[in-house]
Structure formats: C-alpha cells, structure tokens
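Q: I would like to learn how to read a structure feature by feature. Could we go through one together?

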Amino acid sequence: MTTTNTMTTPTRTHADVREYYGDVLQSSADLKTGACCPAEAMPFALRRMLGDIHPEILARFYGCGSPLPPALEGRTVLDLGCGTGRDAYLLSRLVGPTGRVIGVDMTPEQLTVARRHRDWHAERYGFAASNVEFHEGLIEDLGAIGITDASIDVVVSNCVLNLAPDKARVFAEVFRVLKPGGELYFADVFADRRIPDALRRDPVLLGECLGGALYTEDFRRLMQQVGCADARTVSRAPIPLLDPAIEAAIGFVNFESITVRAFKLALEDRCEDFGQIATYRGTIPDAPHAFVLDDHHTFETGRPLRVCGNTFDMLAATRFGAHFELHGDKARHFGLFDCAPASPTSAPKAAGACC
C-alpha cells in the first residue's frame, strides 16, 4: 500500500491529495472508511437546509462533521478546504446577504463544481448577488490569495487540516487572518498516537484522512505555539475502518472525528476562578433554550452559571457577548476553577469532536 516518495514531502502530499480528491473520488460512495459523517449527524437546523444545496455538490461532499458554529449573521467566514462548496453554501445562508464567505481549496476539479453553482444558490436564497467566492490555493499560504491580517471573523474547516503536510503553518496562518476575538471552528480526524512515516505517506490512507491525522497531544502543542492556550472540545465520535485492507494496515491506531473551537484571545493555560457569572439570554438563532460552548459548558437560557476566567472571556470578548449577561471582573482571584468534562477521556482539553 505504500508508495515511493520521489518528491519533497509537502509537494508529494499535495500531489497525492489533488489526485485522490480530483480523480479517484467521484462521490462520497467511493470512500473506504467512516471518517465522513452522514447528514443525519448534523444538527437539525443545518440538516433542513441541505434541501437548498445543489445535488451535485451534496454528492461530492467528503467532510467528517458539521463545523458550522452559530451567530454568524453579517460575518466574514473563511472555509479552509472548501471542496465542492457544501459548507460554503450553508455558510452563505447563515451569514446572510450582508455577510461574506471565502472558500479555499487546492483541487481544481472540485472548485469547478463549486463555482458553477454560485448564481443558483444566490437565487435559491433570495440574494441579489452571491456572497460566496472561491479561490484555488494552499491553506498553508493564505496570503498568496490575498487574505490579510485580522480580516476574518470565523475560520471553519471540515476534515481538511489532516491533509496539510505543514500543519503548524496552517494554524499560524489561521491565527494571523483571524480578527481579535475571532474563532477557529473545525472538525477533523485525530489519532491516539503518532502515525509511522510509511503510513503517513500512503496515498490511500492520506486521502481517507487517516495518514495525516493529528496526534491529540501534538495538536495541543501546536495550539500553544500559535498562542492558543485553551482550545475546547465540542464533540467527538469514533471512526470505523470499513475496508479490510485499511484495517490491516493501520488498525492499531484509534481514530476519532473531533470538533474543536479556539478563539484568538489572550487566555490562561489553566482555568482560573474569579467569581464570574454568565447567563444566556436565549437569543442565538436556533438555540432558544440553551447554548453549547463545548463538551462541558451548556448554558441554559436564563440560568446563571459560574464560569472560569477563560470561559468568561470566550463569551464576553467574542461575537457571543451580545447574547449573554456577564457579571464580574478579574479584580479578585479564588484559585483554580474546576473546569473539565464530567467524564475524562484520553484526548486533551485542546482537542475536540464532531458528529
């Protein structure tokens, strides 16, 4: 199953990914693993919007989750590895006619599909013009396609970051282009250990989003390198290996589809207690009764909740601030805050989950 590496690793990886997603995969039925979640795994509010996505785009969707956060009206959203544009067009509707969606992908065949349906979706949504644009390029170099510093409100990605050979550069680019208080919200494949180099170079394992899966602890370290001290897990689900050959090659690794949210904020590396309180107003669209920040923070409408300093800032200093009543400051410190999932798991707090 392995292949000879005749190019530099990044060049070979990009070439293999282009071939796999441009030529080998013709629809989601061609995938050999369960890394891509079915539409039924999406929140209902998003799932009901799929009826307004062009059928050709739906047939060539290869994501592993539903990394589309709420409260996006009027925002500028960047979709890394947009493929044929399913998430970009869902985002188009979520940001509304005053918002903007930028899709980036390096596979010309997929971008061709995405671009030819721009006017179709604008008409479907009742917009005077499309609010979506697509660019061919590498997610490791967003500056090459003109994305400037601090210009993006939210960056999303759906099972694509594992395909990037230089993940550190991708995350550095993400935090460069995010505005202060902006959010990275993505679903991807994570592994419980580092994958041997020979398997990482295998074009099938790479294309199936397994070969390049991030080891959870290495992800935590990458986040620290870009100044993100507290990324949060949103949800997680195990990934089944459905193909016997793939199971035989890499079945010793446990894979999960994980959704992560991380903010461009100056946060502490531990949860500290300042006696702060947050109360959700119930005003986020499609979330009238509760807002889920992560896998251990669900804010019930009208119910005050004690929060750590980091969680307080994730609400107060971001687009979510208008949807909360926030009380307290950091004038008095009470020590560490017990801020962790109720059921500890093997993955670090800096990883996240999807389906």
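Q: Is Cys308 buried or exposed?

A: This is a predicted model, in which local features need pLDDT of at least 70 and side-chain atom pairs count only at pLDDT 80 or more, while totals for chains, interfaces and linings use all residues. Residues are numbered from 1 along each chain as its sequence is written, and side-chain values use heavy atoms, with hydrogens and water left out. Buried means under 20% relative accessible area, exposed over 50%, and partly exposed in between, with a 1.4 Å probe and protein chains only. Cys308 has a relative accessible area of 0%, so this residue is buried.

Q: How many disulfides are there?

A: A disulfide is a pair of cysteine sulfur atoms within 2.5 Å, and by this rule the count is zero. Cys271 is in no disulfide, as the nearest cysteine sulfur, that of Cys339, is 3.6 Å away. For Cys308, also in no disulfide, the nearest cysteine sulfur is that of Cys271, at 3.7 Å.

Q: Which buried residues does helix α5 have?

A: Helices are DSSP runs of H or I with at least four residues, and strands are runs of E with at least two, numbered from the N terminus. An α-helix has 3.6 residues a turn, so residues three or four places apart point the same way. In α5, residues 108-115, the buried ones are Gln110, Leu111, Val113 and Ala114. They cover an arc of only 155° around the axis, so they lie on the same side of α5; the arc is that of the directions from the helix axis to the C-beta atoms.
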